[in-house]
Amino acid sequence: MNHELLSISLDNTGRRFNRDWIFRGVEYTFNSGSCYAILGPNGSGKSTLLQVINGSLGASAGKVSYSLNNLIIPQENIFQHLSIAAPYLELIEEFTLSEMVDFHFKFKPYLPGIDKNILIDLLNLPSAEHKQIKYFSSGMKQRLKLILAFCADTPLLMLDEPCSNLDSQGVEWYRSLVERFLANRLTIIGSNQPYEYDFCNYNLYITDYKK
Ligand SMILES: Nc1ncnc2c1ncn2[C@@H]1O[C@H](COP(=O)(O)OP(=O)(O)OP(=O)(O)O)[C@@H](O)[C@H]1O
């Protein structure tokens, strides 16, 4: 369980592409221990807002600031404290599952109580350990992205469309990870499927920031 206290504040934050504002005037603070859903229809800007929050995309207006254990940290360092599963973040197709897990956890520690064998058991994909990821189905890849994000010991967990390509068993499996691995973290989920986010403490509607 991660015990670091992270706070992310958006101050009059907006992002545009060319002349179109995707969102503007966002005033919001995200805190450890809560789960936030970013909601809106397809193409409304959920992924864009997630990327602005994690600093991988700059804001066109306003600012995003971060504090960890009450110390301000610069935007360029936030990725060290972040685990993310998103459709636009790819796995390394040439690796086997085993190699992918080793590679991922060179950069991020495991959550206490988790190790490689436990993680592979949790993934529940029998006989996939030495299979190359390029031979995984889309649902298997999605499970792998999720388990890598959930099991890394970071205060910030971001999930964009977490159940894309998952079947109903996969959705149940996702919900079991949520119950087990969210405590104390700051979790932000981009979604328009209630089963992906209905346990969140707060909902943000991107359409509220379109003016
Ligand atoms: N690099 C870019 N250049 C120009 N426009 C972009 C760029 N990235 C995203 N957009 C536009 O920004 C808008 C928001 O896209 P975004 O992917 O954030 O929406 P979303 O709510 O996550 O959508 P979905 O639910 O379909 O995943 C869309 O109109 C998209 O075309």
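**View 1. What sits around the ligand.** Phe17, Ile22, Gly40, Asn42, Gly43, Ser44, Gly45, Lys46, Ser47, Thr48 and Gly190 surround the ligand, where being near a molecule takes a C-beta atom, placed from the backbone, within 6 Å of it. This is a predicted model: local features need pLDDT of at least 70, side-chain atom pairs count only at pLDDT 80 or more, and totals for chains, interfaces and linings use all residues. Numbering starts from 1 along each chain as its sequence is written. By class, the shell splits into 2 nonpolar, 8 polar and 1 charged residues (Ala, Val, Leu, Ile, Met, Phe, Trp, Tyr, Cys and Pro count as nonpolar, Asp, Glu, Lys and Arg as charged, and the others, Gly among them, as polar). Helix α1 (residues 46–53) supplies the largest share of the shell, 3 residues; helices (H or I, at least four residues) and strands (E, at least two) are DSSP runs numbered from the N terminus.

**View 2. Helix α1 and its cover.** Since 6 of its 8 residues are buried, α1 is largely enclosed by the rest of the structure. Buried here needs 20 or more other C-beta atoms within 10 Å of a residue's own, with C-beta atoms placed from the backbone. The buried set is Lys46, Leu49, Leu50, Gln51, Val52 and Ile53. Their cover includes β1 (6–17), β2 (20–31), β3 (35–39), β4 (61–68), β7 (156–160) and β8 (186–191), with contact meaning C-beta atoms, placed from the backbone, within 7 Å. After α1 comes Gly55, with a positive phi near 80°.

View 3. Four strands form an open sheet in the order β2-β1-β4-β5, paired antiparallel (a pair needs at least two DSSP bridges). β2 and β5 (71–73) are the edge strands with a single partner each, so one side of each has no neighbour in the sheet. Twist averages 25° from one strand to the next. β1 and β2 share 8 antiparallel bridges, and Ile8 has Phe30 in β2 as its bridge partner. α1 lies across β1, β2 and β4, at about 130° to β1; axes are lines fitted to C-alpha atoms, for helices over the stretch in contact, and angles run from 0 to 180 degrees between N-to-C directions.

**View 4. Helices α4 and α5 side by side.** The axes of α4 (residues 138–151) and α5 (residues 168–181) come within 11 Å and cross at roughly 5°. That makes the two helices roughly parallel, a label for angles under 35 degrees. Gly139, Arg143, Leu146, Phe150 and Cys151 of α4 meet Gly170, Tyr174, Leu177 and Phe181 of α5. The contact has 6 nonpolar, 2 polar and 1 charged residues.

Conventions
Buried ≥ 20, exposed ≤ 12 C-beta atoms within 10 Å, placed from the backbone. Contact = placed C-beta atoms within 7 Å. Parallel < 35°, antiparallel > 145°, perpendicular 65-115°, else oblique.
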